[in-house]
Amino acid sequence: MTIIVHHLNNSRSQRILWLLEELGEAYEVRRYERDRKTMRAPAALRAVHPLGRSPVVEVDGHRLIETGAIMEYLVARAGGRFGAPTDAEGAIRWRKFLHYAEGSMMPPLLALLVVGKLGLLGRPARPTVQGMLDDHLDWLESELASRPYFAGPDFSAADMMMSFPIEASRARGGLDESRPHLIGWLERIQARPAYQAALRTGGHYAYA
């Protein structure tokens, strides 16, 4: 059965396309475009899932939501490829970053986006929100000072999960060459052939 990915442009679902390319899985993409004025997903996505969010993946008779949960399912389905390292510390890091990406790092990025849209009204809050994000970026920079990838010496699904918040930070969150370990990691993952293949499949992606 072909895997179906309900894919919204410039969204978290880009990571699912990338994982499927890394795994060499056959899949079908059903594309949805954001409203250019509101940047919200179209109403058609609500016909797929009531929350109207992406990604939604149809696989093995299931309709899955939540990027991290989808990643875990697809990794397990592929026999653990790009899954947790075999050592205990690496396995803990893998699970930590798989969930940290959405649970801890995305909230200040979303707050920064909202503050930016408020114009002058949001300006007083921007330094506080930026400071929150900087704390994350500083910690992540220190994490990558001792190893090339988030879980350990090898690329994994944890890196794929971390890609979206770090790419968003590069685009609009102040991440620059002052944090060379993060920039080097970003350049390495974006150079992967499967990453580039997912861009071709998914269409325009503003954070690449």
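Below are my entries, starting with the ground rules.

**Ground rules.** I'm working from a predicted model, where local features need pLDDT of at least 70, side-chain atom pairs count only at pLDDT 80 or more, and totals for chains, interfaces and linings use all residues. Residues are numbered from 1 along each chain as its sequence is written, and side-chain values use heavy atoms, with hydrogens and water left out.

The contact (heavy atoms within 4.5 Å) takes 15 residues from domain 1 and 19 residues from domain 2.

**Cores.** Next I checked the nonpolar cores, meaning sets of buried Ala, Val, Leu, Ile, Met, Phe, Trp, Tyr and Cys residues joined through side-chain atoms within 4.5 Å. Buried is under 20% relative accessible area, exposed over 50%, and partly exposed in between, with a 1.4 Å probe and protein chains only. The largest core has 57 residues, and those with the most contacts inside it are Met105, Leu140, Phe150, Met162, Ile166 and Trp185. Helix α3 gives the most to this core, ten residues. Both domain 1 and domain 2 give residues to this core, so it lies between them. A second, separate core has five residues, including Leu8, Tyr32, Leu45 and Val48. I then listed the neighbours of Trp185: leaving out residues up to four places away in sequence, Trp185 touches Leu144, Pro148, Tyr149, Phe150, Asp159, Met162, Ser163 and Ile166.

**Helix α2.** Helices here are DSSP runs (H or I, at least four residues), strands likewise (E, at least two), numbered from the N terminus. Which residues of α2 (67-77) are buried? I get Thr67, Gly68, Ile70, Met71, Leu74 and Val75. Down the axis of α2 they fall within an arc of 160 degrees, so they line one face of the helix; the arc is taken over directions from the helix axis to the C-beta atoms. They pack against β1, α1, β3, β4, α3 and α5. Gly79 follows α2 with a positive phi, near 80 degrees.

**Helix pairs.** Axes are lines fitted to C-alpha atoms, for helices over the stretch in contact, and angles run from 0 to 180 degrees between N-to-C directions. I count under 35 degrees as roughly parallel, over 145 as roughly antiparallel, 65 to 115 as roughly perpendicular and the rest as oblique.
- α2 and α3 pack at about 140 degrees, axes 9 Å apart, which makes α2 oblique to α3. Gly68, Met71 and Glu72 of α2 meet Trp94, Leu98 and His99 of α3.
- α4 (126-143) and α6 (180-190) pack at about 75 degrees, axes 8 Å apart, and are therefore roughly perpendicular to each other. Leu137, Leu140 and Glu141 of α4 meet Pro180, His181 and Leu182 of α6.

Most residues other than glycine have a negative phi, and most peptide bonds are trans. I found these departures.
- Asn10, in the loop between β1 and α1, has a positive phi of about 50 degrees and is buried at 15%.
- Phe82, in the loop between α2 and α3, has a positive phi of about 65 degrees and is buried at 17%.
- A cis peptide bond joins Ser54 and Pro55, with omega about 10 degrees. Pro55 lies in the loop between β2 and β3.

Methods. Domains from an automatic or database assignment.
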